[in-house]
Every structure is written in C-alpha cells, then in structure tokens.
Amino acid sequence: MAAEAHLGWLLGRGATFGHIKQLHAHLLTTGLFRRSPPLRTAFLELCALSPFGDITHALAAFRSTPHPATTTNDWNAVLRGIAAGPDPSGALALFARMFSLSPPRPDALTLSFALRATSRSSALPAVFQLHALTLRFGLVADNRLVTTLLDAYAKCSAPEAALQVFDEMPLRDVATWNALLAGLALGPHPHTALALFHRMVSSSLPDRETPNEITVVAAASACAQLGSPRDATAIHDFARRRGLDADVRVRNALVDAYAKCGALDRALDVFRSTGSKTLVSWNAALLALAMHGRGALALRLFETEMLRSTVAPDAVTYLAVLCGCVHAGLVEDGLRIFYSMRGVRPMAKHYGAVVDLLGRAGRLSEARDLVDAMPMAPDAVLWQTLLGAARTHGDVALAEQAARKLAEMGSKGCGDYVLLSNVYAAKARWGDVGRIRDTMQGNDVRKVPGFSYTEVDGAVHRFLNGDTEHEQWRKIYRTLEEVEARIRALGHVPETAHVLHDIEEEDKERALYQHSEKLAMAFGIAATPARAPIQVIKNLRICGDCHAAAKLISRAYGRVITVRDRARFHRFEGGECSCGDYW
C-alpha cells in the first residue's frame, strides 16, 4: 500500500515533478505499474493532468506498458492530458492508434476526449469520423458524449451539423443548450447563437432545460461579438426577470457585452452595482474604458480604487491600463505604470503596449531602444506595431527595417505589405508601391477586404468597399452624394495621401468616397429618423479620411455616430471624436 499512500499524499498535499518521477520508479521496481491497472491509471492521470505533471513523461510511461496490458482507462488518461495540452492534434493520432488495436475498445469517455481535441484543433473531418463511431458503437444515448459532439461541431464552424445533432437528441438538459450556445457564441456564428438563445427563452421547456447563469454568459458573449446594444439590453432584462443578474459571472459578461456594443455608461453602471467584485470584474471595466479611449478614467479606477481593494492586479490588469494609456496618449503615465509593475513579470504584450505608446507619440527611437532591451525576442505583433508607428510618422527607414524583420520571421500578413505600401505612397514612391504589390502577388498574399455593418430595425446590413450589392444601393449612393456635398461645405478635404495607386486625384477621392464605413453611415442616415444615433462596426482600422468625414457628418446631421473598428470605439458627436484624434 506504500504506492497508494504516496499517490494519496501527492493528490492531497501537492508535489513536484520530482516526486512524480520517484513514484514512477517505485511502481516500476515493485512491478505495480504492470500488475495494478487502477494504480497505473491513477498515476497516468496525475502525470498527465496535474499542474506539476508532464504529458511527455506520462506518454512515455504509457508506451512502456506493452499492449494488451494497457486498459481503456489508461488510454483515456493520456488522451485527456494531450487533448488539454498545447498540441491537441496529438490526441487524435493516439486515438487512431488505439482504434487500430483490439482490445481495448474505445468507450464514451475516449470519444469525448478525442472530440475535445478536435474542438481545440479545428479538425472538422475528425468530428465527422467520431460522430460515425458514436453511432456505430451505439453511444447516442450518452447525453454527455453527444453534448461534447455538438460542441465540437459548433467550435469547428459547422453550425448546421451541430443544430442537427441537437434537434435529434432524445433527451436534453440545460448543459446541452449551454454547450451549443457557447460553441456558437465563441466561434464565427454569434447570430446563430443569439437565435438559439431566443428559441430557448421563448420555449416552454422542462425544469432540466431551464436557462441558468451559464446560458446568460454565453448569450452575452455572442452579443459582444455582434455589437448590438439592443440585444445586450434584452439579455440583461432576461437575466433580471429570472433573478440571474446577481451572479458575478453574469455581471462580468454584461460589462463586457455592453462595452463592446458601444454602451460604455451601461457597462460602468453594471460594474459599479456589482457588490463582490472579482479580478475579472475589475479587468472587464478597465478593458472597457481602454477600448473607449477613456484612459485617464481607467488610470484613476486602477490607482485610486482597485489598488486599495483586496483584489490584486494580474497581467491582464496591467495590459488593460497600458492600453488605456495608449489610446489616450498618456505617455508618461503609461511609462510610470509599466516600470512600477509589482508581482507581475512583464510579458511581450506589455512591452508591445509601451512600444505602441511611444510609437504613436512619435518617440520612435525610444520605441526601438525598448525593443532592443526586451528580455525576450520580439514577436511579429511587436514588429507590426513598430511598422504601424513608422507609417503614421512617415519614417521610411524604420518601416523598411520592421518589414525586413517580419519577412525573416515568415510573416505573410497582408497588413504588413499594406502598411509599408502606405509609407511609400505617402512619399509618392510609386515604383516601390508597385514592387510591394508584385511581391504580394508572387507570394499569393491577398488583401483582406474592408467591410462594415450596421443594424436597422433588427436587421444587419453589411457593406464592402464600393459595394453595389445592397438592394437599396442606388438610394445609398444618392445619400452619399448629399453627405459629401454637406461635409465639403464644412471644409472637408479628402485625405488621398495613402491611397495605394498612382492615379488621378479625382479617382483617389472616388476610392475614399466608397469606403464601407461611409456606405454604412449613408445607409443609416437614409434609413433611420433624423438625429437618431448610428452605430457602425468595421473589421479593419478606420482610415484617416473616414475619421475626418465622420466628425463632419455628425455635425452636419446632428447625429451621434459610433464606429467600432478592430481596436477601439470612436464616438462622433458635434464634429468631435471621443478619441481626440489620437488613435
């Protein structure tokens, strides 16, 4: 019983990897590793899943037991560890090996762990194969397994298959609904997730399927992706009616959802009214303020309230505060926070935020020096940050250096090429612009198309640059002509410096005039009552010309226009933007 006692001590008191190796040696020398399957499985679980374990060692120990001495439980222990590790695809390879052997036969847990690996590695073909095995082994009555199956379909971007599995289930519970809802919400199908939520709350469901706190959190996550304040309010109202809004997880999700839907004041109201704030609560509020360019308020919340509370900041907290300083141009405050971090070791993202802070302020040499002083190798994101700063301030040498570093790292993102092209275009170096375009074609790099969408009367309208696919496109362009005339009368001059073509000025202006965010704004003006607010969500960063135009449109039409781009919110009102022209 010495091994059993040692194992119990490890589980109950904590240990190190050294203790695990000692236990393994004892099990081998006494023969218990081979003779006692329950003890061997417990050891493999400890080694594969505990914080002080090592999946490589667990796998080596597992393979040292010759087939067929290994049991299904042994396979499951190692599969579970690999599926939760940094390379989940390895679990699928191990499962394929197991399936080629007989015995042991995979059971419901085996399939479940393999499905979790497919979710994390986006291996949709493997999900179909595992679904077939679930049917073949007669395991469709296993509710937990089928719930994992539909979750895998949802996370692998197969919503139709996930919904079909869901609808065919003979018995469902709230965990089933939640798994599908969360899988859809966290993937590229937030609209489907919200439709499922509305189906759930409008149906007469048995008690076991009654929505709970997890349901609301998943729905709020979908809403955060979509950016619809109307849906955020509906989810919040539902949570209040059901008495679910007291849960801190629900409140944190609502803070995030309201913030990402442009309703910062409502997000802060929910945060302020939360009694027992957790670390996630503080981080959600700080990130919300940073996203909306309220850096000074984020700094005050952090220094005068959070640091005086019982909740200690973590790496996410400091990153949120630094991002707030970045978006508000609070350079000295950001540097002070960075150099005063306590209890948290700065990571690459923190250095990246400070490099961004310095770069936006035009302090390019300091930003470059900080990159050289980093204790870790700068990653592609950091070099892209420097490239963006070089583009903003027209530093060709730094832009070329950053682009070379990105090429050496194997980065092939279209944004790298576009930023360098912008630098050359601003200097009218059209030969270099053409060279970059040729390189992109040679490397099969395609520019990500810009698109924007806006919601009117519950319907989402999506626009591409130069779009003529919308059913009301003629009306939209007529409105856009009127908009252009009004803002020109207010002094708008199109910013054509960064249009990536050596073409006539009139053609450059036409290209800017047809940007997707301008089309969305024009549609909002045409389709909503006078002075009604307009909200636009864009997949890329808003360009300088659209930013300048939006300020004047808000003034000309008496509208509040909110634009959420890939990095932050811009709130245009009365000819001004909440970012203070610093973004």
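Over which ring does the charged end of Arg-172 sit? In this predicted model, the charged end of Arg-172 sits over the ring of Phe-166, at 4.2 Å from the ring's centre. A further contact of this kind is found where the charged end of Arg-462 sits over the ring of Phe-451, with 4.0 Å to its centre.

Over residues 142-176 the chain is 74% helix and 0% strand, with the end C-alpha atoms 12 Å apart, while over residues 278-313 the chain is 64% helix and 0% strand, with the end C-alpha atoms 10 Å apart.

Turning to the aromatic rings, the count comes to 13 aromatic pairs. The rings of Phe-62 and Trp-75 have centres 4.8 Å apart and planes at 80 degrees, so this pair is edge-to-face. It links distant parts of the chain, since Phe-62 lies in helix 5 (residues 55-63) and Trp-75 in helix 6 (residues 72-83), 13 residues apart, and both Phe-62 and Trp-75 are buried. Phe-271 and Trp-282 also form an edge-to-face pair, at 5.3 Å centre to centre and with 75 degrees between the planes; here Phe-271 belongs to helix 17 (residues 264-272) and Trp-282 to helix 18 (residues 279-291), 11 residues apart. Phe-271 counts as buried because its relative accessibility is 1%, and Trp-282, with a relative accessible area of 6%, is buried as well. Elsewhere, ring pairs link Phe-95, Phe-99 and Phe-137 into a cluster.

As for the division of the chain, domain 1 spans 346-447 and domain 2 spans 451-577, and the C-alpha centres of domain 1 and domain 2 lie 27 Å apart.

Methods. Residues are numbered from 1 along each chain as its sequence is written. This is a predicted model: local features need pLDDT of at least 70, side-chain atom pairs count only at pLDDT 80 or more; totals for chains, interfaces and linings use all residues. Side-chain values use heavy atoms; hydrogens and water are left out. Helices (H or I, at least four residues) and strands (E, at least two) are DSSP runs, numbered from the N terminus. Domain bounds come from an automatic or database domain assignment. Rings of Phe, Tyr and Trp (its six-membered ring) pair if their centres lie within 6.5 Å; planes under 30 degrees apart count as stacked, over 60 as edge-to-face and the rest as tilted. Buried means under 20% relative accessible area, exposed over 50%, partly exposed in between (1.4 Å probe, protein chains only). A charge sits over a ring if NZ of Lys or CZ of Arg is within 6 Å of the ring centre and within 35 degrees of the ring normal.
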